[in-house]
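Here is a short briefing for a first look at this structure. Keep the sequence and the 3D view side by side as you read.

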Amino acid sequence: MDNLKIIVDACLRVHGADFTVNNRKRENVYARAACFNVCKKNTKATLQAIGKACGNLDHSTVLYSYNKTIKEKDGSFLLIPDFRFILHQFETIVNGLVDLKSEPEIEDYYKDLIIKIESLE
């Protein structure tokens with residue numbers, strides 16, 4: 001499992017609703033844009049790969065949403081409290097995941113978590 005997929009799955013779990021569904025509900029638009037932002041900042045994935053991981057979207061959709069999160073002009077999402085809250089949630093959960101840089105580190109960390117969970121049960 002690559003870092004991009006891990007980040008998207010973590011964002012989906014934190015958000016609690018499936019923002020990869022193709023609709024224009026405000027909460028899903030904000031969650032998708034926040035996920036694009038977190039993926040772009042924390043991986044070297046292309047816009048096309050990020051779009052595919054977040055609901056089979058094309059690179060121009062990802063670029064448009066990402067620009068809405070980093071630019072202060074053109075009605076920036078950063079001015080919207082609901083978006084900032086979702087972005088903060090995603091960044092918080094992803095910061096712990098991204099510290100693990102390589103696949104073996106991620107697999108070892110995952111195995112350690114499974115062992116800890118089983119010992120608690």
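Asn95 is partly exposed, with a relative accessible area of 46%. That value falls between the cut-offs, because buried means under 20% and exposed means over 50%. Note that this is a predicted model.

- Asn95 sits in helix H5, which covers residues 81-98.
- Asn42 is 53 residues away from Asn95 along the chain.

**The overall fold**
- How many helices and strands does the protein have? There are 6 helices and 0 strands.
- Along the sequence, the pattern reads α-α-α-α-α-α.
- The protein has 121 residues, and 33% of them are buried.
- Take the contacts between residues at least 6 apart in sequence: 60% of them join residues at least 24 apart.
- The protein exposes about 7,900 Å². Carbon and sulfur atoms supply 54% of that area.

**His15, in helix H1**
- His15 belongs to helix H1, residues 3-15.
- Is His15 buried or exposed? His15 counts as buried, because its relative accessibility is 19% and the cut-off for buried is under 20%.
- Which residues does His15 touch, leaving out those up to four places away in sequence? They are Glu27, Asn28, Ala31, Ile86 and Phe90.
- Two of these partners, Ile86 and Phe90, fall within the range of helix H5, residues 81-98.

**Asn56, in a loop**
- Asn56 lies in the loop that links helix H3 (47-53) and helix H4 (59-70).
- Asn56 counts as exposed, because its relative accessibility is 63% and exposed means over 50%.
- Val21 is 35 residues from Asn56 along the chain. The C-alpha atoms of Asn56 and Val21 are separated by 9.5 Å.

**A charged patch and Glu107**
- Which residues form a negative surface patch? Glu105, Glu107, Asp108 and Asp112 do.
- Glu107 is part of helix H6, which spans residues 103-120.
- Glu107 counts as partly exposed, because its relative accessibility is 43%.

**To recap**
- His15 is buried, Asn56 is exposed, and Asn95 is partly exposed.

Conventions: Residues are numbered from 1 along each chain as its sequence is written. This is a predicted model: local features need pLDDT of at least 70, side-chain atom pairs count only at pLDDT 80 or more; totals for chains, interfaces and linings use all residues. Side-chain values use heavy atoms; hydrogens and water are left out. Patches are made of residues with over 30% relative accessible area and no salt bridge: like charges are joined within 9 Å, nonpolar side chains (Val, Leu, Ile, Met, Phe, Trp, Tyr) within 5 Å. Accessible areas come from the Shrake-Rupley method with a 1.4 Å probe; for residues, only the protein chains shown count as cover. A salt bridge is a side-chain nitrogen of Lys or Arg within 4 Å of a carboxyl oxygen of Asp or Glu. Lys and Arg count as positive and Asp and Glu as negative; His and the chain ends are not counted. The place of a charge is taken as NZ of Lys, CZ of Arg, CG of Asp or CD of Glu. Helices (H or I, at least four residues) and strands (E, at least two) are DSSP runs, numbered from the N terminus. Buried means under 20% relative accessible area, exposed over 50%, partly exposed in between (1.4 Å probe, protein chains only). Contact means heavy atoms within 4.5 Å.
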